[in-house]
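Have the sequence and the 3D view ready as you read.

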Amino acid sequence: MDIAKRLLGEFLDSLKTADHLEIAFRAFGHQHSLTPKRDCQDTKLEVPFNSDLRGNIALIKHKLKDIVPRGTTPIAYTLEQCGNDFPAPGNPNLRNIIILITDGIEECDGDPCAVSLMLQKKGIVLKPFIIGVGLEESFKNAFGCVGKFYDASNEESFKNILNIVISQALNNTTAQVNLLDQIGKPTETDANMTFYDETSGVIKYDWMHTLNNKGLPDTLVLDPIGNYHLVVHTIPPVEKHDITLVAGKHNIIALDAPQGYLNLKVAYNNYKALKCIVRKHGDMQTLNVQDFTQTEKYIVGKYDLEILTLPRINLDDVNISQSKTTTIEIPQAGMAVITKPGEGPGSIFLDDKNKLTWVCNMQENNTQENIVLQPGSYRAEWRSKNSKESVYTVERKFKVESGTTVTVKLF
C-alpha cells in the first residue's frame with residue numbers, strides 16, 4: 001500500500017503540465033472496518049473534478065497520505081458511483097476514463113462486469129482500466145469483463161503500467177483501413193466508413209476511405225481506448241467487430257471488400273426516370289435502387305435485378321467480377337397512346353402466347369394517356385364507368401416496337 005501510494009503520487013506529479021485534463025479521486029473500503037459487519041457502500045469521492053489540475057493533484061496526494069485500507073471491496077457499487085462523478089457524462093467531445101486500482105475482487109455480491117457494461121453502453125465512460133496490485137492468480141480473470149486489466153506484481157511493473165495507461169488515456173494512435181481486393185491487396189477505396197463504439201453503439205468517427213498520393217490507405221488518428229465496430233458502406237456493406245487498437249503503434253485493420261461495376265444501359269431512354277432494384281441473389285432485401293445510364297460499384301458476387309420498366313424485366317444471377325464492368329442493356333421502349341371515349345376503369349396486359357400478365361392500370365379519369373412499354377404484344381381492356389354490365393368491356397390487341405408509337409382506340 002505504501003509503495004502504491006508513493007508511485008501514484010509520483011505519477012500524478014508527472015501530469016501537472018498535461019493539457020485539457022481533469023482528475024478526480026474516489027476511494028473505497030477505507031472508511032469502515034469489517035466489524036461488526038462489512039459496509040458495502042463504503043466509497044467516497046474524496047476529491048471531485050476541478051479545472052485546477054495542479055490544485056487537484058495536490059489535494060489527491062494529501063488525501064492519499066491519510067487513506068488506510070480498513071474494510072471490504074465494493075467494486076461494483078464504487079464503479080456505479082464513479083459514473084455520477086463526471087461533470088459531463090455522455091459528452092462525445094470528452095473522454096471519461098476510470099482507472100481502478102485494487103488488491104482484491106468484488107466482495108459485496110455486486111456485478112462489476114454488468115456495471116461497467118452499463119456505463120459504457122450509456123456512453124458515460126470508456127472502457128475502464130483495471131490495475132491489480134498483488135492479486136492472487138485465481139482472481140485475475142475476474143476483471144477481464146470489467147475493463148482492460150493489468151497485473152502489477154511488483155514496483156517496477158506498477159510504475160510501467162501507470163505510464164502505459166496514461167499514454168492510452170491522453171493520446172490517440174494511428175491506424176489504416178485496408179480494403180482488400182480478391183488477391184488480398186488493399187486497392188479498394190472511395191467508400192464511406194463508420195467507426196462505432198462496440199459497446200455503446202455511439203458513432204465515433206465517420207470518414208470517406210482514401211488512398212494517399214502513394215496509393216496506400218490513408219493514415220487515421222483514433223482513440224485507442226475501447227473496441228470498435230467498423231462498417232464500410234460498400235454495396236452491400238462489409239463490417240468488422242471487436243477491433244482493438246494497440247496504443248502507440250500503427251494499427252492495420254483489414255476487411256475483404258473486392259468490388260466490380262454494374263452499368264445499366266438503354267439505347268434511348270423514353271422513361272422519365274428509369275430505375276433498377278438490385279438484390280443479392282436469392283435474397284428479397286433491396287440493396288440499391290440504381291438509375292439507368294449510371295455505373296455503380298458492388299461487392300463481387302451474384303445479384304438479381306428488377307428493372308422498373310413496363311412490364312418489369314427480371315434478370316437473375318448477374319455476376320459482378322473484380323474490377324470489371326458488367327453492362328446490362330435493355331431494348332429501347334415504344335409508346336402506346338391510349339384514347340378512350342370517356343371515363344372508366346381499364347388495364348394493360350402483356351399477351352405472351354395466350355397468357356395474360358398484368359402490366360398496369362389505366363387512369364380512370366383521363367380520356368387519353370401515353371404509356372411507355374417495352375417491345376411486345378399487349379391487350380387493353382376497358383369499360384365505361386356508365387356501363388353496368390361486363391359484356392360492354394372493350395378489348396384491343398396491339399403491338400409495341402422499339403422507338404415507335406402506336407395508337408390504341410378503345411371505341
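This is a predicted model: local features need pLDDT of at least 70, side-chain atom pairs count only at pLDDT 80 or more; totals for chains, interfaces and linings use all residues.

Residues are numbered from 1 along each chain as its sequence is written, and side-chain values use heavy atoms, with hydrogens and water left out.

**The bonds in general**
- A disulfide is a covalent bond between the sulfur atoms of two cysteines.
- Here, a disulfide is a pair of cysteine sulfur atoms within 2.5 Å, and the structure holds 2 of them.
- Counting bonded cysteines along the chain, the pattern is 1-2, 3-4.

**C40 and C108**
- The sulfur atoms of C40 and C108 are 2.2 Å apart, and the link is left-handed, with -85 degrees about the S-S bond.
- C40 sits in the loop between β1 (25–28) and β2 (43–47) and C108 in the loop between β3 (99–102) and α4 (112–121), so this pair ties together parts 68 residues apart in sequence.
- Helices (H or I, at least four residues) and strands (E, at least two) are DSSP runs, numbered from the N terminus.
- C40 is partly exposed at 29% relative accessible area, whereas C108 is buried at 17%.
- Buried means under 20% relative accessible area, exposed over 50%, and partly exposed in between (1.4 Å probe, protein chains only).

**C113 and C145**
- C113 and C145 are joined by a disulfide, S to S 1.6 Å.
- C113 belongs to helix α4 and C145 to the loop between β4 (129–133) and β5 (148–152), so the pair links parts 32 residues apart in sequence.

**C276 and C360**
- The cysteine sulfur closest to that of C276 is in C360, 19 Å away, too far for a bond.
- C276 is buried at 0% relative accessible area, and C360 is buried at 10%.
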